[in-house]
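This briefing concerns the domains, helix packing and ligand surroundings of one structure. Please consult the sequence and the coordinates alongside the text.

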Amino acid sequence: MFSEIEPVMEKYAGVPGSLITILQKTQDAYGYLSEDAIAYIAKRTGVPASKIYGVATFYTQFRLKPVGRYILMLCKGTACHVNGAAGIEEAVTEHLGIADGETTADGLFTLDVVACLGCCSLAPVMMVKGPDGEETYGSLTKAKVRSLLDEIAARETEAAS
Amino acid sequence: MRIVVGEGSCGVASGAKKTEAALAALLAERGGAAGDGSYSGITLEKAGCVGNCYLEPVVDVYGDDGGLAARYVRATEERAADILAGTADDLLISDEDAAFLSQQRRIVLRNAGLINPEKIEEYIAAGGYEALRKALTQMTPEEVIEEVKVAGLRGRGGAGFPTWFKWDAARNADAGGGAKYMVCNADEGDPGAFMDRSVLEGDPHAVLEGMAIGGYAIGAHEGVIYVRAEYPLAITRLEIAIAQAEEKGVLGKDIFGTGYDFSIRIKAGAGAFVCGEETALIASLEGERGMPRLKPPFPAQKGFWKQPTNINNVETFANVPFVIREGGAAFAAYGTEKSKGTKVFALAGKIAKGGLVEVPMGLPLRDVIFGIGGGIKAGRAFKAVQMGGPSGGCIPAALADTPVDYESITQTGAIVGSGGMIVMDEDTCMVDMARYFLDFTRKESCGKCNYCRVGTKRMLEILERITLGEGRDGDIELLEELAGKIKDGSLCGLGQTAPNPVLTTIRYFRNEYEDHIYNKHCTAHYCKALVTYAITDACVGCTKCARNCPTGAISGEVKKPHGIDQAKCVKCGKCEENCAFGAVLRD
Ligand SMILES: Cc1cc2nc3c(=O)[nH]c(=O)nc-3n(C[C@H](O)[C@H](O)[C@H](O)COP(=O)(O)O)c2cc1C
Ligand code: FES
């Protein structure tokens, strides 16, 4: 168990101040921080599980629940807000039936509302983190985002069959 | 011939990678590969972003003499063949768009979009690491600090604190035989700003060089860059840059044979706005919850691992090589009496030409927004510009002649901040903007101080109520009272500045608050609960709105103007979204 993060543990377990790095690498490997993973990190690093939980819940990057195959990082930074990000969120929510932080029943999408992806001049913006890395989409409209979601879903169905 | 594709995050989001791939495939087809990425004398390169994000993807073609021969804009993959064939003249940048760049004065962005950030050779060819050599071989640390003092360089991270003063304090601090640290703040927390991202993506070595010079000045041998996790490309480019700098010997042991050692590592943030604050950033570097602590002791005395630590912003560091190479006086020649040099701004929002601009301090806001940014999108009217993000404020159109320098902007109630400039037009509701920022600070408050934790929540509740049409007489005064208390009762800059967006909007747009509270009307026709929809004479009776109305509130005969039953209307906006004739009006 947790063999994927063994190299990380070897490198960082004994280095003070590395907890956030360890949590990041663990999340990269498993998509989220499970209770078991936190217990394992506690055992390996000697940092109490309660403290790890405290750190993990402080930072928005960390997730304690499994996520979908694609994470929809929808920007609601200032530039995106001014350019109608609320409408885009509405479109995603309606189209997929999930709110911020939730995952679709088929495990395909998780909606993650973020504050600024640094592409503000293309607002409204969404970054999609999928199995093949991340891709950023700018100048979104409700129609564009709906067809993007359909495209991904269709691609996945095709790959599955 | 050299072809350069601009691949900052914004370029990539606009398809720059696909353009590059298409160009590469076409060149490969032609044959003549020389094995170094060139084909029959044509090399294909990537660069960071030149800053005119609204024109992405941008492809530059350089002639054999090294000069820029052509700049193609909106160069999508479909047009790659035309660019190679020289039949893409319609994509050549217009004189008007070229003026977006020619009106700027670039010190921080001197290399961005021009050199390949993944090749240290190009940075060196552009004069890179000369300043570090000069500092290490010809200057004492005190002389370096003196030069930065002559330059009048002030921190670009928000507070505008003199850089030399911090360096001097860190230099004189007693490390008790232990280490000192040089930290780069690349957390870029202002949601709507992207200066630091562009610098890191476009010219990472400038930041490394600035850090090494600063490290030498304060007597540090270790540098750390704290980058926000949402910037994967910046992290990748920094990793490449650090590895190349070590290989070239400009970072690491015995730099330029002077015996000075300096190494840099990257630490990725984990998504917490408050970690941009120095003491919270240090707690985060140590693997803790990022909670600020009381100052003093200042980081210069007790910082990372309780050792003397200096923290500067990305842009501050990127200025340093210029200051050392060209001299402090050359830098101080730009700007105003108290705000020297240039400042990079991220122009976004309802602006016609969004992107990165670097101008001498003291230029009037109007010149930045209208002169360079081309004014407001879609011919709407300019209402306000937000500067300083959640710690800043909204400056109204009437004050558009305010010079952009630390003192003048502070007088308006906003702050220069890190450089975010969000432009707003008549359709932006100022009460909603205040609500937006309070929602942000309420979520980002670390929870340590009661006034910040509970006070921002109470302010948000009042603002939400107002935007929902449930505002009450006395709400404005209550907001002002809470604002004062939160400012006084908070330990760090987050709480101390969180009320600013509310205070500035009340100061300049009190009428909008009153319109919401007393008339139950949103001046900008934005707040959902307060708008009413109506169908005008422009309606041709296509029935599309009626078919899309979820509550059946719209009725009318085919080819005759339709009407909305206000009692049934839930204000979802579907009719407006679906009307092709602009016949649905919001009031
Ligand atoms: C809540 C809060 C958030 C901040 N966020 C940032 C940030 O994202 N980037 C930054 O450079 N400075 C930020 N600062 C300012 C830093 O605390 C610090 O002043 C700055 O990094 C010092 O660098 P400078 O002197 O070069 O500006 C923030 C301050 C506060 C109070
Ligand atoms: S505000 Fe959305 S990318 Fe910056």
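The points below are grouped by topic.

This is a predicted model, in which local features need pLDDT of at least 70, side-chain atom pairs count only at pLDDT 80 or more, and totals for chains, interfaces and linings use all residues. Residues are numbered from 1 along each chain as its sequence is written, chains are lettered from A and ligands numbered from 1 in the order in which they are written, and side-chain values use heavy atoms, with hydrogens and water left out.

**Domains**

- Chain A is divided into domain 1 (3–58) and domain 2 (70–160); such bounds come from an automatic or database domain assignment.
- Taken over C-alpha atoms, the centres of these two domains of chain A are separated by 29 Å.
- For chain B, the assignment gives domain 1 (2–102), domain 2 (120–332), domain 3 (342–425), domain 4 (430–518) and domain 5 (532–586).
- In chain B, the C-alpha centres of domain 2 and domain 4 lie 35 Å apart.
- Contact (heavy atoms within 4.5 Å) joins 11 residues of domain 2 of chain B to eight residues of domain 4 of chain B.

**Helix packing in chain B**

- Helices are DSSP runs (H or I, at least four residues), numbered from the N terminus; axes are lines fitted to C-alpha atoms over the stretch in contact, and angles run from 0 to 180 degrees between N-to-C directions.
- The axes of α6(B) (residues 130–138) and α10(B) (residues 204–218) come within 9 Å and cross at roughly 10°.
- α6(B) is therefore roughly parallel to α10(B) (angles under 35 degrees).
- On α6(B), B:E130, B:A131, B:L132, B:A135 and B:L136 meet B:E209, B:A212, B:I213 and B:Y216 of α10(B).
- The residues of this contact comprise seven nonpolar, no polar and two charged (nonpolar: Ala, Val, Leu, Ile, Met, Phe, Trp, Tyr, Cys and Pro; charged: Asp, Glu, Lys and Arg; polar: the others, Gly among them).
- α10(B) also packs with α13(B) (residues 314–326), at an angle of about 75° and with the axes 7 Å apart.
- α10(B) is therefore roughly perpendicular to α13(B) (65 to 115 degrees).
- Residues making the contact include B:M211 and B:I213 of α10(B) and B:F317 and B:I324 of α13(B).
- The residues of the contact of α10(B) with α13(B) divide into 10 nonpolar, one polar and one charged.

**Ligand 1**

- Ligand 1 is surrounded by 18 residues, the closest being B:G157, B:G189, B:N312, B:N313 and B:T316 (a heavy atom within 4 Å).
- An N or O atom in the side chain of B:N185 is 2.9 Å from an oxygen atom of ligand 1.
- A backbone N or O atom of B:R156 lies 3.3 Å from an oxygen atom of ligand 1.
- A nitrogen atom of ligand 1 lies 3.2 Å from a backbone N or O atom of B:G276.

Terms used. Helix = DSSP H or I, 4+ residues; strand = E, 2+ residues; numbered from the N terminus. Parallel < 35°, antiparallel > 145°, perpendicular 65-115°, else oblique. Polar contact = N/O pair within 3.5 Å; in protein donor to acceptor, adjacent residues only side chain to side chain.
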